[in-house]
Amino acid sequence: MDARVINKGQLPELLDRLAKDYALFAPVREEETVTLFKKVAGAKEVALDYTNSDVSPKGCLFPQTEKTFSYIYTGDSLQINKNEDVQNTVIFGARPCDVRSILSLDPVFEGKFVDDYYAARRQNTVIIGLSCNKVLSTCFCNAFNSGPCDGTGSDLLLTDLGDKYYVEVNTDKGKSFVEAYGQYFASQGAEQLAKAKEELAKTLEGQFIRQVDLGGVKEVLDENFELPYWDKVFKKCLGCGICTYVCPTCHCFDIFDFTTGDFTGERFRCWDSCMFPDFTLMAGGHNPRPTKKERVRNRFMHKLKYHLDRYNIAGCVGCGRCIAKCPVNIDITAIIKDLKEVGQNA
């Protein structure tokens with residue numbers, strides 16, 4: 001693996017240049033307390049002193065709302081104008097758990113049925129990850145064989161080591177990027193920083209409060225669709241759906257058509273949530289998940305079983321946002337522990 005060094009003092013200049021050359025998405029702080037990923041015009045907007053963003057960078061590839069096409073019906077023909085506005089993009093500063101969440105989204109949108117919108121953005125995006133510098137009490141990415149300094153999925157991974165960033169070049173796309181902006185990346189000193197990064201990773205590994213063991217959980221769910229345990233969990237849930245909106249791997253969406261009444265219109269796609277009663281409501285009135293119990297069960301089955309069944313990759317990355325944001329303190333790590341006990345007593 002190739003590695004480089006970038007002086008921290010050069011980063012603002014690099015970000016300013018990237019904002020001119022790419023659609024640059026980076027962590028931004030809004031209303032002083034909310035951190036999310038937005039398109040920025042330069043380094044001054046970027047907030048790198050964050051532990052984990054409130055909203056993940058999922059929306060850079062799968063926007064919360066997007067127009068997919070417009071149409072014109074002339075009476076003789078139907079003309080469809082597909083939205084193909086795809087820019088070369090850099091996602092800068094994504095934490096390792098969020099980068100891995102993109103790997104979980106990839107097979108959903110680029111699998112058997114390719115979503116052209118997601119695929120075009122993904123192919124034209126450089127992902128520059130940023131190692132964590134602190135482990136939150138809600139973090140459990142280590143349960144998924146990851147960690148605060150894991151570069152899996154990133155084209156480049158930066159690690160903050162004082163006045164310098166240690167830069168790991170993980171892909172050919174990352175290599176091309178470093179070559180294109182070579183004046184910012186030095187080779188000298190990389191070996192020493194590699195050792196410093198190893199020490200940082202060991203230190204951060206010791207900060208995890210939650211020790212989550214996923215062993216046997218999927219097997220319990222494989223054999224027990226109807227568990228009385230879900231009767232206990234669903235009664236606490238408010239059904240607000242915030243867990244799905246802040247989750248970096250959730251990908252439910254809805255489609256809306258808007259017409260002007262003169263044979264023209266537009267189609268939009270927007271995030272939706274399987275926690276909402278009408279998400280699975282069919283035109284004939286049937287709903288396969290008619291109560292909150294079925295919806296709550298589906299969410300955790302999706303995270304801990306269905307995604308693995310379909311794509312052989314976890315549907316959770318241990319970012320802990322659903323724990324931090326749930327208004328009634330529903331905790332997926334506590335549910336994992338409970339399911340293991342249910343399995344042992346089955």
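The questions below concern salt bridges in this predicted model.

User: How many salt bridges does the structure hold?
Analyst: Side chains of opposite charge can pair when their charged atoms come close. A pair is counted when a side-chain nitrogen of Lys or Arg is within 4 Å of a carboxyl oxygen of Asp or Glu. For the structure, the count of salt bridges is 26.

User: How far apart in sequence are the parts that R269 and E66 tie together?
Analyst: R269 and E66 form a salt bridge, with their closest N and O atoms 2.7 Å apart. R269 belongs to strand β11 (residues 264-271) and E66 to strand β4 (residues 65-73), so the parts tied together are separated in sequence by 203 residues.

User: Is R269 buried or exposed?
Analyst: Buried means under 20% relative accessible area. R269 has a relative accessibility of 4%, so R269 counts as buried.

User: Which residues are linked with R269 in a network of salt bridges?
Analyst: R269 pairs with E66. The network that holds R269 also includes E66, D115 and R121.

User: Which helix holds K218, the salt-bridge partner of D309?
Analyst: The closest N and O atoms of D309 and K218 are 2.8 Å apart. D309 lies in helix α9 (residues 292-311), and the pair is 91 residues apart. K218 is in helix α6 (residues 217-223).

User: What is the relative accessible area of D257?
Analyst: D257 in strand β10 (residues 253-259) is linked with R267 in strand β11, their closest N and O atoms being 2.7 Å apart. R267 counts as partly exposed at 29%. D257 is likewise partly exposed, with a relative accessible area of 43%.

How values were computed: Residues are numbered from 1 along each chain as its sequence is written. This is a predicted model: local features need pLDDT of at least 70, side-chain atom pairs count only at pLDDT 80 or more; totals for chains, interfaces and linings use all residues. Side-chain values use heavy atoms; hydrogens and water are left out. Helices (H or I, at least four residues) and strands (E, at least two) are DSSP runs, numbered from the N terminus. Buried means under 20% relative accessible area, exposed over 50%, partly exposed in between (1.4 Å probe, protein chains only).
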